[in-house]
Amino acid sequence: MSDAKTSVKQLTPAQETAIHEHERNLIVVAGAGSGKTYVLVERVLTLLDKNPDWSLNALVAITFT
């Protein structure tokens, strides 16, 4: 069993773009187990880190199956 805090996730170029491209809204479409939720969480955390004056109400994230 790996420790999630010490493991390093290797991201694809598309995942890197989805996390770090903040000049536009985006939709992530991918298959099961491909890391969509991980990318969404990282994107939100990155946005909040770069915009400390934003409230959580400033972001919208929707997931569905």
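This is a predicted model: local features need pLDDT of at least 70, side-chain atom pairs count only at pLDDT 80 or more; totals for chains, interfaces and linings use all residues.
Residues are numbered from 1 along each chain as its sequence is written, and side-chain values use heavy atoms, with hydrogens and water left out.

Let me begin with the helix pair. Two packed helices are described by the angle between their axes and the distance between the axes. Helix H1 covers residues 13–20 and helix H2 residues 36–50; they pack at an angle of about 35°, with their axes 8 Å apart. The axes are lines fitted to C-alpha atoms, for helices over the stretch in contact, and angles run from 0 to 180 degrees between N-to-C directions. The crossing of H1 and H2 is right-handed, that is, the near helix is turned clockwise from the far one by less than a right angle.

Which residues make the contact? From H1 they are Gln15, Ala18, Ile19 and His20, and from H2 they are Val39, Glu42, Arg43 and Thr46, where contact means heavy atoms within 4.5 Å. By class, this contact has 3 nonpolar, 3 polar and 2 charged residues. Ala, Val, Leu, Ile, Met, Phe, Trp, Tyr, Cys and Pro count as nonpolar, Asp, Glu, Lys and Arg as charged, and the others, Gly among them, as polar.

I turn now to the pockets. A pocket is an open set of points on a 1 Å grid over the protein atoms alone, where a 1.4 Å probe fits, with protein on both sides within 12 Å along at least five of seven lines; lining residues have an atom within 4 Å of a point. The largest pocket has a volume of about 710 Å³, a volume being the space filled by probe spheres set on the points, with grid points joined across faces, edges and corners. Its lining numbers 23 residues, of which Leu26, Ile27, Val28, Leu40 and Ile62 are the closest to the centre. That lining has 15 nonpolar, 5 polar and 3 charged residues.

The second largest pocket has a volume of about 190 Å³. Among its 15 lining residues, Ala14, Gln15, Ala18, Val28 and Val39 are the closest to its centre. H1 and H2 each supply at least two residues of this lining, and the largest share, 4 residues, comes from H1. The lining of the second largest pocket divides into 8 nonpolar, 4 polar and 3 charged residues.

Of the 65 residues of the protein chain, 12% count as buried, meaning under 20% relative accessible area, with exposed over 50% and partly exposed in between, for a 1.4 Å probe and protein chains only. Thr17 is found in helix H1 and counts as partly exposed because its relative accessibility is 40%. Thr17 and Val39 are 22 residues apart in sequence, and their C-alpha atoms are 9.7 Å apart in space.

Where does Ala58 lie? Ala58 is in the segment after H2, and at 46% relative accessibility it counts as partly exposed.
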